[in-house]
Amino acid sequence: MARNIGLAAALLFLGAAPVTAQAAVELTARSCRPVAQVDWTAPPPEQFGIALGCLAEEDYGGAIRFHAVAAAMMFFDAMRVSDQAARGVQAEVAKAFGDQAGEAAMTAQSGFLRTMDQAAFSAEICKLFDAKGPPQHAVAYMEGRGQPGADLVEPGFDSAGAWTEVSALMMRCVPGG
């Protein structure tokens, strides 16, 4: 929950503009899998779909892990996309996850947070983030939300530096550590 609030605040700080007159975002639940099998080319909506699948299978640890991956990827996208209006889709994706996950998400989060070793969880996700490097997904899920025909990704964007920053902020990762 705190990371969701942090993500929302970060998106507002980065200039996410509200989106109007667009089709509602709907996520598709996908089969749960170990987070080590994450597809780094799949965009955040697909990662949230895996988290929904994990919730449906009552794999709450998997749901939390894929939620962490999706949230970090969305924050990364907010940094690399220059069109502020396109960033607004991220709030829609986060809302869609909350709406679709409902009470299951709260049950998962409270149960998992009570039993998890937070340092071990953070270390696991940081190791994944370090091994995978910056996300390789396209920002196609943001297209059609901003200026028509605009190149969404900032020219000369420093993916490695931004991913290090996102990893440190979201999961308290230390480069190489």
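Modeller: Going along the sequence, the pattern reads α-α-α-α-α-α-α. That makes seven helices and zero strands, where helices (H or I, at least four residues) and strands (E, at least two) are DSSP runs numbered from the N terminus.

Colleague: Before we go on, what kind of model is this?
Modeller: It's a predicted model, where local features need pLDDT of at least 70 and side-chain atom pairs count only at pLDDT 80 or more, while totals for chains, interfaces and linings use all residues. Residues are numbered from 1 along each chain as its sequence is written, and side-chain values use heavy atoms, with hydrogens and water left out.

Colleague: OK. How much of the protein is buried?
Modeller: Buried residues are 46% of the 177 residues. Buried here is under 20% relative accessible area, exposed is over 50%, and partly exposed is in between (1.4 Å probe, protein chains only).

Colleague: Let's talk rings. How many aromatic pairs are there?
Modeller: The structure has six aromatic pairs. Rings of Phe, Tyr and Trp (its six-membered ring) pair if their centres lie within 6.5 Å; planes under 30 degrees apart are stacked, over 60 edge-to-face, and the rest tilted. One of the pairs is Phe-76 with Phe-157: the ring centres are 5.6 Å apart and the planes sit at 70°, so this pair is edge-to-face.

Colleague: Where are Phe-76 and Phe-157 in the chain?
Modeller: Phe-76 is in helix 3 (residues 60–80), and Phe-157 is in the loop between helix 6 (118–132) and helix 7 (159–171), so the pair ties together parts 81 residues apart in sequence.

Colleague: Is each of them buried or partly exposed?
Modeller: One of each. Phe-76 is buried, at 0% relative accessibility, whereas Phe-157 is partly exposed at 21%.

Colleague: Which residues do the ring pairs link into a cluster?
Modeller: Trp-40, Phe-76, Phe-129, Phe-157 and Trp-163.

Colleague: Switching to packing: how do helix 3 and helix 7 meet?
Modeller: They pack at an angle of about 135°, and their axes are 10 Å apart. Axes are lines fitted to C-alpha atoms, for helices over the stretch in contact, with angles running from 0 to 180 degrees between N-to-C directions. Helix 3 and helix 7 are therefore oblique to each other; under 35 degrees would be roughly parallel, over 145 roughly antiparallel, 65 to 115 roughly perpendicular, and the rest is oblique.

Colleague: Which residues touch there?
Modeller: On the helix 3 side they include Ala-68, Ala-72, Phe-76 and Met-79, and on the helix 7 side they include Ala-162, Trp-163, Val-166 and Leu-169.

Colleague: What's helix 2 like, is it enclosed or exposed?
Modeller: Of its 13 residues, 11 are buried, so helix 2 is largely enclosed by the rest of the structure. Among the buried ones are Pro-44, Phe-48, Ile-50 and Leu-52.

Colleague: And Gln-47, what does that touch?
Modeller: Gln-47 is in helix 2 and is buried at 0% relative accessible area. Leaving out residues up to four places away in sequence, Gln-47 touches Val-38, Asp-39, Ala-42, Phe-66, Val-69, Ala-70 and Met-73.

Colleague: What follows helix 2?
Modeller: Glu-58 does, with a positive phi of about 60° although it is not a glycine. Glu-58 sits in the loop between helix 2 and helix 3 and is exposed at 59% relative accessibility.

Technical notes. Contact = heavy atoms within 4.5 Å.
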